[in-house]
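The following paragraphs lead through selected features of the structure displayed here, from a pair of helices to the contacts of domains and chains.

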Amino acid sequence: MLEYLFFFTAPTWFSSLPILKDYIDPMVLDYLVWPLVQIGLLLFVVLTLVAYLTLAERKISAWIQVRIGPNRVGPEGLLQPLADGIKLLLKEDLIPLKADREVFIIAPIIAMVAALVALAVIPWGAAWATISNIDIGLLFILAVSSLGVLGIILGGWASNSKYSLLGALRSAAQMVSYEVAMGLALIGALMFTKTLALQDMVITQERLHIWNILFQPLGFLIYLISGIAETNRAPFDLPEAESELVAGYHTEYSGFRFSLFFIAEYANMLIVSAIAVTVFLGGWYLPGLSYLFTPGSTFFVLASIGVFGLKTLALLYLFFWIRWSLPRYRYDQLMELSWKWMIPAALANIMLTATFLVLGQELALIVSQNNMLEISTLGYVFLISTAFIVTVPLTWIMLGQINKNSRDFNLREVQPLPMNRTINK
Amino acid sequence: MTEITDITHPEIDTNEMILNMGPQHPSTHGVLRVALKLDGEVVTDLDCDIGYLHRGVEKICEHRNYQMIAPYFDRTDYIAAVSNGLCYVETIEKALALEIPLRAQYLRVILTELNRLSSHLLWLATHALDIGAVTVFLWAFREREELLKIFENFFGARLTCHAFRIGGMTYDAYDGFQAEVKDFCDRFPKRLEEYETLLNTNRIWLSRTVGIGIISADAAIDIGLTGPPLRGSGVEWDIRKAHPYECYADLEFDIPYGENGDTYDRYLVRMEEMRQSRRIILQALEKLPDGPIMAPKAPKVVKPSIGEYYHSIESPKGELGIYLVSDGSTQPTRLRIRPPSFINLQALRQMSIGHLVADVVAIIGTLDIVLGEIDR
């Protein structure tokens, strides 16, 4: 059981540390001490990263908006997250009089825990850089991260405020809708990796010498959009749309409870990017990395962690960039995007990918044996070209045709207006 | 006006939720309170509650000398203080039958058009912010800042300028004023293009504005809409053209108007208006004559002859009018302001019913209201 759960035992440099080697049983060392060290390190790194993500967001938004951004606390404002954290900790612990106290207190904790638990199975790097590699990894993440919505609903409900309630309702509908599209978008990639264990997905991509995004451009796109919606980021930040709902579900929250929601949001962002990197962008696999370092060596693992981190940060930057460039969707348009575009497109992606995989096997370009794919050079060309030339445009055209006649969700009957209009002078 | 007469009674049994938006709400542009009756998120009815910023400006005016009233007008529509000041001084000049020197007229036109730019920039900023485009907000403020610096140099104040005096201007243009304005006008079209790159063909922006808050030309005229909301519905009406004041008759400009009367058309109309304002400013700078800036006959003690006077100008928000009753003394008997925002706000209910909460925010933004002017 333990071997199963903690697949990667402690590295030799750790188990050969003098104190540990002499006093602790190797079994305990491998399955108790090392995972605890990993968890401690991971929590420290992730929480620090989350704190600095807030600073990065503020800085990047400032640069986009021709401002300077925070630069007062510490050198170049680098201690700003610390100051923010201290401020939030020292604030009065405020609970509205008519709020449901217990639920109000527990809601941000649920949101936070759901966000942090999902960190356990993400392959942060090669070999021992992963805490756990359970074989339902992806399902585990989808299941746990959808628990986060519970915290939001409960928080919105318990606040006993109409804005919070509306925010919570929106968020529930949004997360349920996009969860479906997100799950479906991942299935196409699963056909190539043939496993749900996240570390194995990366290893498969390494073995095939490819990033799944080349096989699955449409899947990646759908996943990315759904991921942004799932984490309630702009342009899908309806649950906390400040211009309509003040602050949405956390209107009544202040101080540290608010910061728990805040940390959960950023941690979720991190997880969504990390999964996108793992499933679509090859995880820690970078072509040529194994030539630079001996695979399995300490340096190789460290380099793989660096590669994974860089890819994740690049995606996070994309998140920021989108947030500060686009206006916000309306609630019904958001639902429309999910149910009329994202989910059908994901289904079409599954069907087309499966068709081409079978076709490739019939043409003997791809061999599937022992639950593994072997792809010939021509097979790569076939799969990549069909993905880009057939799947993406075909889905686009098909959905465009289907949705052309669909009725607007907007309840007021509006005459369709031409999009390109000129103003008379 | 609406069915919602008493929204405070708890015993009303209804399945619809009543959401109280404002007066402390980020996107009601001040202290407007809107009571929304919601079916899910669809607005079935709404009622505006105004008066949180009421200062009784009209009553105060009855107890002040004519010169002392002028600064109060900077504080009605504080976004467009120069335009408001212009309306007041012109009313009094009309009552006194004063002829204003040409240089003062051109300077007034330049300054009010600059003010129109700054007002429209603020509208663009907040409207985009309401719809979620935060970056446009700060970009528009960058340009507005340059305009406010010009105002600061000219009048010594950024927001409440107290720009004009009865009979002309207090200050002549400072050294380098023309160059600064010209410089701004040269850079401005590029900046406008930047905003339009972000918004004009943005699918989210289109889906949030096209077909939202439609009001037909007839309905707009019935309500008494003026300014961009009226022109967005396709009515070509601009007081600068219809009843030219100052030197507008000598200047060439077009009146932009839309055809569908939705939020997107009003957006396009205002964007085009900014271009036209720039055109007016450049022409006026070109033609700016030398000469005095105060009318030689301007009286020290202002005593308009007995009678009733009405004068209106095209402020950035619409038709701003002042109705003045004079009994021949140094203080007005009655001074009534026709605030464009107040009348434009009346269209909110008609525009919003059937839309979602998010659209109400967009519609409030597109009406471009200022609560200082509505409540007075």
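In H4(A), the residues Ala51(A), Tyr52(A), Thr54(A) and Leu55(A) meet Gln80(A), Pro81(A), Asp84(A) and Gly85(A) of H5(A); contact requires C-beta atoms, placed from the backbone, within 7 Å. Helices are DSSP runs of H or I with at least four residues, numbered from the N terminus. The model is predicted: local features need pLDDT of at least 70 and side-chain atom pairs count only at pLDDT 80 or more, whereas totals for chains, interfaces and linings use all residues. Residues are numbered from 1 along each chain as its sequence is written, and chains are lettered from A and ligands numbered from 1 in the order in which they are written.

Two packed helices are described by the angle between their axes and the distance between the axes. H4(A) and H5(A), the latter spanning residues 80–90, pack at about 110° with axes 9 Å apart; axes are lines fitted to C-alpha atoms over the stretch in contact, and angles run from 0 to 180 degrees between N-to-C directions. The two helices H4(A) and H5(A) are therefore roughly perpendicular to each other, a term covering 65 to 115 degrees.

The domain assignment, which is automatic or from a database, divides chain A into domain 1 (1–84) and domain 2 (91–339). Domain 1 of chain A gives 21 residues to the contact and domain 2 of chain A gives 16 residues. On the side of domain 1, the largest share, 13 residues, comes from H4(A) (residues 26–64).

Elsewhere in chain A, helix H8 (residues 162–193) has 32 residues and reaches 46 Å from its first C-alpha to its last, close to the expected 46 Å, which is 1.5 Å times one less than its number of residues. H8(A) bends by about 30° at Ile187(A), the bend being the angle between axes fitted to the seven residues ending there and the seven starting there. Lys194(A), with a positive phi near 55°, follows H8(A).

Finally, the contact between chains takes 29 residues from chain A and 41 residues from chain B.

Key. Two residues are in contact if their C-beta atoms, placed from the backbone, lie within 7 Å. Angles under 35 degrees count as roughly parallel, over 145 as roughly antiparallel, 65 to 115 as roughly perpendicular and the rest as oblique.
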